[in-house]
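Visitor: Could you take me through one part of this model up close? I'd like a single connected tour.

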Amino acid sequence: MTSAESLISVRGVAKSYGGVLAISDIDLDIAQGERVAIIGPNGAGKSTLFGTIAGEHRPTKGRIVFDGRDVTSWPPSRLTKAGLSRTFQVARLFGSMTVRDNLIVAATACRGGQGAWWDSFDKQDPAVIERVDRALGRTSLTGLADQEAATLAQGARKTLELAMAIVQEPKVLLLDEPTAGMSLDDARATIQALVGICRDQPDVTVVITAHDMDVIFAVAERVVLMAQGKVVLDGTPDEVTGHAITHEVYLGSKHG
Ligand SMILES: Nc1ncnc2c1ncn2[C@@H]1O[C@H](COP(=O)(O)OP(=O)(O)OP(=O)(O)O)[C@@H](O)[C@H]1O
Ligand SMILES: [Mg+2]
């Protein structure tokens with residue numbers, strides 16, 4: 001794939017925290033509609049790469065092109081409006097608001113215009129209500145719509161965060177460990193929701209990080225292996241998960 005064909009193009013990206021290099025020399029092209037899993041042991045740099053793509057961290061080096069535009073210095077709010085939505089490894093929600101209101105805020109935040117989201121916050125807007133109801137149904141949260149987010153169990157908190165990304169109806173979903181810390185049942189439901197999105201919305205680009213093989217094989221058609229801040233393999237799920245380097249990298253991280 002050339003960078004001209006890709007929706008997301010990461011070129012020579014590095015990010016250091018203080019003096020410590022977390023990722024370096026990252027070149028990655030992702031086409032529209034691709035479903036990519038980024039795997040690698042703890043500390044490999046997966047979340048840092050997500051953070052640089054989503055505008056949360058400014059790369060120390062390199063550039064990021066999204067949808068034909070250089071977005072390297074864009075803040076997350078501008079990227080969200082351009083069609084890039086993300087979830088975090090540890091869910092970020094408005095705890096004192098209901099599930100439904102969290103979704104209304106998320107749906108409003110992705111709208112165009114220069115103002116802050118609260119300028120266009122409108123609980124009565126039928127278009128917003130429709131989107132919120134769709135996201136609730138897709139993630140099986142309809143029964144919890146009026147519950148305060150702070151009172152949700154861990155699995156439901158992660159599910160709500162996924163719903164907050166989905167409700168934005170983005171071009172790209174960046175999902176950082178969408179099933180981490182979930183019970184088996186919650187993880188299964190999340191995988192079902194993701195499979196449903198991939199089936200019903202073929203144009204949506206999905207990039208996930210995951211340690212969970214069930215998620216990887218259910219969602220991804222391409223797997224990128226990171227280790228020590230670099231991309232070391234890129235191929236089909238079978239190629240990458242069956243590769244000797246993958247086994248070495250995971251084993252090394254356990255014994256190292
Ligand atoms: N805010 C930060 N400040 C300093 N160092 C950081 C920060 N965030 C990450 N790091 C370091 O950067 C490296 C990459 O971390 P990152 O969280 O991106 O890895 P990861 O692949 O997402 O790991 P995990 O599988 O545990 O989520 C690690 O060495 C980590 O300690
Ligand atoms: Mg991480």
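Guide: Let's start with Gly137, which counts as exposed because it has 12 C-beta neighbours inside 10 Å; the cut-offs are 20 or more other C-beta atoms within 10 Å of a residue's own for buried, 12 or fewer for exposed, and partly exposed in between, with C-beta atoms placed from the backbone. This is a predicted model, in which local features need pLDDT of at least 70 and side-chain atom pairs count only at pLDDT 80 or more, while totals for chains, interfaces and linings use all residues. Residues are numbered from 1 along each chain as its sequence is written, and chains are lettered from A and ligands numbered from 1 in the order in which they are written.

Gly137 sits in helix 4, residues 126–138; helices here are DSSP runs of H or I with at least four residues, strands are E runs of at least two, and both are numbered from the N terminus. Between the C-alpha atoms of Gly137 and Thr209 there are 24 Å, with 72 residues separating the two along the chain.

Now for the partner of helix 4. Helix 3 (residues 99–109) packs on helix 4 at about 120°, and their axes are 10 Å apart; axes are lines fitted to C-alpha atoms, for helices over the stretch in contact, and angles run from 0 to 180 degrees between N-to-C directions. The two helices are therefore oblique to each other, given that under 35 degrees is roughly parallel, over 145 roughly antiparallel, 65 to 115 roughly perpendicular and the rest oblique.

On the helix 3 side, Arg100, Leu103, Ile104, Ala107 and Thr108 meet Val128, Arg131, Val132, Ala135 and Leu136 of helix 4, contact being C-beta atoms, placed from the backbone, within 7 Å. Those contact residues split into seven nonpolar, one polar and two charged, where Ala, Val, Leu, Ile, Met, Phe, Trp, Tyr, Cys and Pro are nonpolar, Asp, Glu, Lys and Arg charged, and the others, Gly among them, polar.

Helix 3 is largely enclosed by the rest of the structure, because nine of its eleven residues are buried. Among them are Val99, Asn102 and Ala106. Besides helix 4, the buried residues of helix 3 pack against helix 2 (76–82) and helix 5 (154–166).

Helix 5 leads us on to the strands: helix 5 lies across strand 6 and strand 7 (172–176), running at about 180° to strand 6. An open sheet of six strands, with mixed pairing, has the order 6-7-8-3-9-10; strands pair if DSSP finds at least two bridges between them.

How values were computed. Contact = placed C-beta atoms within 7 Å.
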